[in-house]
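We'll walk through hairpins, sheets and a few residues worth a click.

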Amino acid sequence: MISKKNTTFVLLTFIVITISLYTVEKRLVFYNNKSFGMISYKVDKDKYLSKFTGNTINIYLENGKLYSQYELKDELILSNAVADLDNDGKDEIILLTCKDTSQYAEYLLVLSFNAYNESKDTITFKEIYRHNFKDLNPWKVQTSDVDGDGKTEISIGVYKTSPLHPVMAKRPFIYDWINSSIFPKWRGSRLSRPFDDYVFLDLDSDERDEIVSIEHTAEGKKVLTAYSWKGFGFEKTGESISFLDISSISVKLDQGEKTSLVKAKVKQNSKWLEKTFYYLDGEILTK
Ligand SMILES: [Ca+2]
Ligand SMILES: [Ca+2]
């Protein structure tokens, strides 16, 4: 005989699990682009989520269930991006890898979808590009469309000197992807100030991605700065107020994926707060 107490307990557990699952699913869909460190991955009409850990590419179904795993041999993934570089409907996977755990990567790798197995429960990839970037100390790979031509570029954050600025500094390099190879588009010597990190997003809804970076001010504070592509390079188009510190910058798609926002942690009065930023008339404002 089931007691009333037990029935209540079972019912409550069921409700809690249902609510948790619903919340997870809703968040997976809502942050489609990057949820729990997952990035959407598409093969024609098939939609998945991808997550990169160690030497492994994990592919999940949209409900969060692990679907397929692909392992790299003898190298670890330091940074990753997913985008359809050649506009054939199948996403490519772009990786920075190193042989050992290191602050900087050695290789830029591009993998394309190879095949499903017969029972369609495993995806294999093929390496279509590899370039040794070791001399440039690469630390981050991203994709962008800064000129709005519908063709995706690959951006590599490097740490090096430049002829015009001969000190070691982080610099954002941008490459076009043409016929399965990279070609320099912009290897800027620097942004307007030293920066910690940067992301790409269409912040001002002009259908071209801006760079948004975390920069150090002369007063020892930090600001978010936005730059737009002007045909030959980047021009500063917006800035936030200064904060004691800023960290963990990422891109957040707003409801319906219509607007892209910047998410970052900011330090104000010795407290860290997670803030969402948007662009208005040359200013990067908090929501
Ligand atoms: Ca493709
Ligand atoms: Ca482009």
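In the hairpin of E3 and E4, which residue takes a positive phi? Glycine 54 does, with a value near 60°, and the hairpin has two residues between its strands. Bear in mind as you look that this is a predicted model.

**The overall picture**

The protein has one helix and 21 strands. Of its 287 residues, 28% count as buried. Taking contacts between residues at least 6 apart in sequence, 35% join residues at least 24 apart.

**Around strand E4**

Strand E3 covers residues 46–53, and its antiparallel pairing with E4 runs over five bridges. One of the bridge pairs puts threonine 53 with threonine 56 in E4.

Strand E4 itself spans residues 56–60 and shows two faces: Ile57 and Ile59 sit on the covered one, while Thr56, Asn58 and Tyr60 make up the uncovered one. As a rule, side chains in a regular strand alternate between the two faces of the sheet.

E4 also pairs with strand E5 (residues 66–71), again in the antiparallel sense and over five bridges. Here asparagine 58 has glutamine 69 of E5 as its bridge partner. The E4 and E5 hairpin has five residues between the strands, and glycine 64 in its turn has a positive phi of about 95°.

**Two open sheets**

Next, look at the stretch that starts with E6. An open sheet of four strands is ordered E6-E7-E8-E9, with antiparallel pairing. Its edge strands are E6 (76–83) and E9 (123–132), each of which pairs on one side only. From one strand to the next, the twist averages 25°.

Another open sheet of four strands has the order E10-E11-E12-E13, and its pairing is antiparallel. The edges are strand E10 (140–144) and strand E13 (181–187), each pairing on one side only. In this sheet the twist averages 35° from one strand to the next. Strands E11 (residues 153–162) and E12 (residues 165–178) pair in the antiparallel sense over nine bridges, and isoleucine 154 stands opposite tyrosine 175 in E12.

| Strand pair | Bridges |
|---|---|
| E3 and E4 | five bridges |
| E4 and E5 | five bridges |
| E11 and E12 | nine bridges |

Is glutamate 210 buried or exposed? Glutamate 210 is buried, because 27 other C-beta atoms lie within 10 Å. This residue lies in strand E15 (residues 210–216). Leaving aside neighbours within four places in sequence, glutamate 210 is in contact with Leu201, Asp202, Leu203, Asp204, Ala226, Tyr227, Ser228 and Thr237. Take threonine 237 from that list: 27 residues separate it from glutamate 210 in sequence, and the C-alpha to C-alpha distance is 8.9 Å.

Now find valine 251, which lies in strand E18 (residues 245–253). Valine 251 counts as partly exposed, because 19 other C-beta atoms lie within 10 Å, and a residue needs 20 or more to be buried.

Most residues other than glycine have a negative phi. Two residues here are worth checking against that rule.

Serine 205 has a positive phi near 55° and is not a glycine. Serine 205 lies in the loop between strand E14 (195–201) and E15. With 11 other C-beta atoms within 10 Å, serine 205 is exposed.

Where is asparagine 269 found? Asparagine 269 is in the loop between strand E19 (260–268) and strand E20 (271–280). Its phi is positive too, at about 50°, although asparagine 269 is not a glycine. Asparagine 269 counts as exposed, because it has 6 C-beta neighbours inside 10 Å.

Key
Residues numbered from 1 in each chain as written. Chains lettered and ligands numbered in written order. Predicted model: local features only at pLDDT ≥ 70, side-chain atom pairs only at ≥ 80, totals over all residues. Buried ≥ 20, exposed ≤ 12 C-beta atoms within 10 Å, placed from the backbone. Contact = placed C-beta atoms within 7 Å. Pairing = 2+ DSSP bridges. Axes fitted to C-alpha atoms, helices over the stretch in contact; angles between N-to-C directions.
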